[in-house]
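Hi,

Here is the structure I promised to send over. Have a look at it first, and then read on for my notes.

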Amino acid sequence: MAYISRRGLIQGAGALGAAGLAGPAFAQSAMNWKKFAGQKIEVTLVKSPRADIIEKGLPEFKALTGLEVGFEQIPEQQARQKQVIELTSGKPSFDVIHESFHVQKRLFEKSGWVADLSGLMADASITGPETVESDFSSAGLMFSKNQQGKLRALPQSVDYWIVYYNKELFDKKGVKYPDTFEEMIAAAEKLTDPKEGVYGFVARGLKNANLPVFTSFLLGFGVDPVDAKGNLMTDTPEAIEAGKIYQRLLSKHAPPGAIGFNWSECQSAFMQGKVAMWLDGIGFAPPLEDPNKSRIVGKVGYGLMPKGPKTRASATFGDGLSIPSASTKKEAAWLFAQWAVSKEQGRALITTGSGVPFRHSVLNDPSIRTQLKMPAAWLDTVAESAKISRLGLPVIIPVTEFRDTIGIGLTNTLSGGDVAAELKKASDAFRPVLEKSEKG
Amino acid sequence: MTQAATPATPGRIGLSSRDYWPFVAPALIVVGSVIVFPWVFTIYMAMHEWKAGGAQSFVGLGNFARLASDARFLESIVHTLLYTGLAVTAPVVLGVFSAVIFHERFPLRGLLRGLFIMPMMATPVAIALVWVMMFHPQLGVLNYLLSFVGLGPLTWVFNPATVIPSLVLVETWQWTPLVMLIVLGGLASLPTEPYESALIDGASRWQMFRHITWPMILPFVMVAVIIRTIDALKSFDIIFAITQGGPGTASETINIYLYNTAFAYYNMGYGSAIAVVFFIIVVALSLVMLWLRQRSKWNADAGAAA
């Protein structure tokens, strides 16, 4: 099977199609990709490198299934709104949608907007033998299943938070890559040299966007932002310690203005070679290795998240594909979702550094190493981070409000606010929202 | 006239209610569906606890009571008023100034006028994204320019203290030309006789501006002020694209907070309550504006032309 590419199969199938014969791989299963040939489905994804990979493969998918696909990429914020408005209306214009698990999981579950896919997965006439639950990592299944264990999405790509570091700056000052939070702060301090315009650390200061930076530290204290019983933990002593680390790194050792930075400003500062460490998602790596955009090609280290006082944890986020309950073409949509998270698509995703599939069969495939366009260290950090993966945001409905409210408190600490007071104020403001949402 | 008991004689227009309804109905339907219905519905939503994807329940004036003690909302009112105040004053002052300059005759005036108007024609979001890059504290061109005149780097929109003035800078850059156009129109319509007699009387340039030009263009300036106030109050795109209301909530205007509440937290009821309060503020400001305009209208002819 390894030497037969899907493209080859399609061509073969096309040639034999007239005689009504399927390609050799299909002979083993009853799966019929062409079952809904001629139907048209609408796919609305969030604009991202992951969606680009899917878009590139569309002609292949159309040839494979004979389906017509209306394909649209919309920027994240607008896409999330559009989804909520259309799903509330009960007549969405799309059959496949992007789901950001870390933001929408609980909302989609509780509102019953997305279909249970277990039945479709069990139907051998439209599900290939490679699409089995056991091939998805546990993080992926955790994201895509609801509390009753029903599969309501196919996990596509996982995002681990890592520390990008500038090896040249580290070597110049003779600093070793930090292994603990304390070492990290010490390193950031040593590497900061405002006269040279060099700073030890950068990460998001912008409210909302900054929350994963904070949880990255909080998780190292062994505390989740919302505990298993649904209690908000963002003003616990551990959270205050984590907040102090955040405050210190971003206000003392980061470039001025970091208070308003989102990932893109962090990325450009880091790519200029003026920042020693950047804490963010692993998916932002490709431009760093692009000579047209980056001044630090070949100098980037991909570091595992340092160890906190309690544990080492990499804040984890994930994206997947869902099918609205209201869609009238669920089976055809299933074919699309299944193809979009297939091994071939997963391979394209990881070898270009655009994302990290949840599938064991892709990650354990030695051949991706040879096709990898990213440094091998990147892939090693992916693998290591997978072992210490922990959800970076709580699985609750008002995620955005959570990120905003606590995020504003964190931002305020950067302009001089007291960490304990700000976190207490923000947590008190958010607690009633959380309680209300879980009751409703 | 109100009774049309007998059929109208040929050529006479009947005015019974049956006759004029077909003509009034389209307008009523349009007004009813695009103005009255959304309004009533907004008020209805404002009286409910209403979250997308969840159930709704009647809370009466609860949402409004919550607004009164919502520090973030009260802060956003202050931000809105400050932003509006600055974003009206700066373009109007600069716009009048540039109109007076461009009213003079000098070589290449047409070309320069054309260039000056260009910012107005650009898309606000595109402008905003360019300005974000220019504002960047390390890589932005603004700090680079400051370094030439010996000033240290500023953090512009990345600092709670300077974020609103920085946003107003963008707004000013974009909308000064509009004020200039309006005032230029006014200047062009001014009679020349008063200036001639002023010259004969030996008036200085400043005296001519202060006592002849300014009073006569005041109605036009007021129009510009009203248009700018409306624009600045509802300003959303530039703020949202540059700071999204940040850092923290330092540039969060009512509009941005309203947007976040309704479309990021999906809290439609509370968002509607904010919209209602915002509407009241807008109406109040409009009344003030109209009153000011009446006062500036002592020159009835120019006022009517505006």
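This is a predicted model: local features need pLDDT of at least 70, side-chain atom pairs count only at pLDDT 80 or more; totals for chains, interfaces and linings use all residues.

**Where the chains meet**

On one side of the interface, 29 residues of chain A take part, and they are in contact with 24 residues of chain B. If you want to find the chain A side by element, look for α4 (76-89), α5 (101-111), α12 (263-271) and α18 (399-414) of chain A, which each give two or more residues to it. Of these, α18(A) gives the most, with six residues.

**A bent helix in chain B**

Next, take a look at α9 of chain B, residues 205-233. This helix has 29 residues, yet its end C-alpha atoms are only 36 Å apart, whereas a straight helix would reach 42 Å at 1.5 Å a residue. Where is the bend in α9(B)? It sits at L218(B), where the helix bends by about 50°. A proline, P219(B), follows within four residues.

**What α3 of chain B packs against**

From α3(B), the residues involved include Y83(B), A87(B), V88(B) and P91(B), and from α9(B) they include V221(B), A224(B), V225(B) and R228(B). The contact of α3(B) with α9(B) comes to eleven nonpolar, four polar and one charged residues.

α3(B) also meets α7 of chain B (residues 163-188): their axes come within 6 Å and cross at roughly 40°. That angle makes α3(B) oblique to α7(B). The crossing of α3(B) and α7(B) is right-handed. In this contact, 21 residues are nonpolar, six are polar and one is charged.

**The α11/α12 pair in chain B**

The last pair to look at is α11 (residues 254-264) and α12 (residues 268-296) of chain B, whose axes come within 8 Å and cross at roughly 160°. The two helices are therefore roughly antiparallel to each other. Is the crossing of α11(B) and α12(B) left-handed or right-handed? It is left-handed. On the α11(B) side you'll find I254(B), Y257(B), L258(B), T261(B) and A262(B), and these meet M268(B), Y270(B), G271(B), I274(B), A275(B) and F278(B) in α12(B). The residues of this contact divide into nine nonpolar and two polar, with no charged ones.

Cheers

Conventions: Residues are numbered from 1 along each chain as its sequence is written. Chains are lettered from A and ligands numbered from 1 in the order in which they are written. Two residues are in contact if their C-beta atoms, placed from the backbone, lie within 7 Å. The expected span of a helix is 1.5 Å times one less than its number of residues. The bend at a residue is the angle between axes fitted to the seven residues ending there and the seven starting there. Axes are lines fitted to C-alpha atoms, for helices over the stretch in contact, and angles run from 0 to 180 degrees between N-to-C directions. Angles under 35 degrees count as roughly parallel, over 145 as roughly antiparallel, 65 to 115 as roughly perpendicular and the rest as oblique. A crossing is left-handed if the near helix is turned anticlockwise from the far one by less than a right angle, and right-handed if clockwise. Ala, Val, Leu, Ile, Met, Phe, Trp, Tyr, Cys and Pro count as nonpolar, Asp, Glu, Lys and Arg as charged, and the others, Gly among them, as polar.
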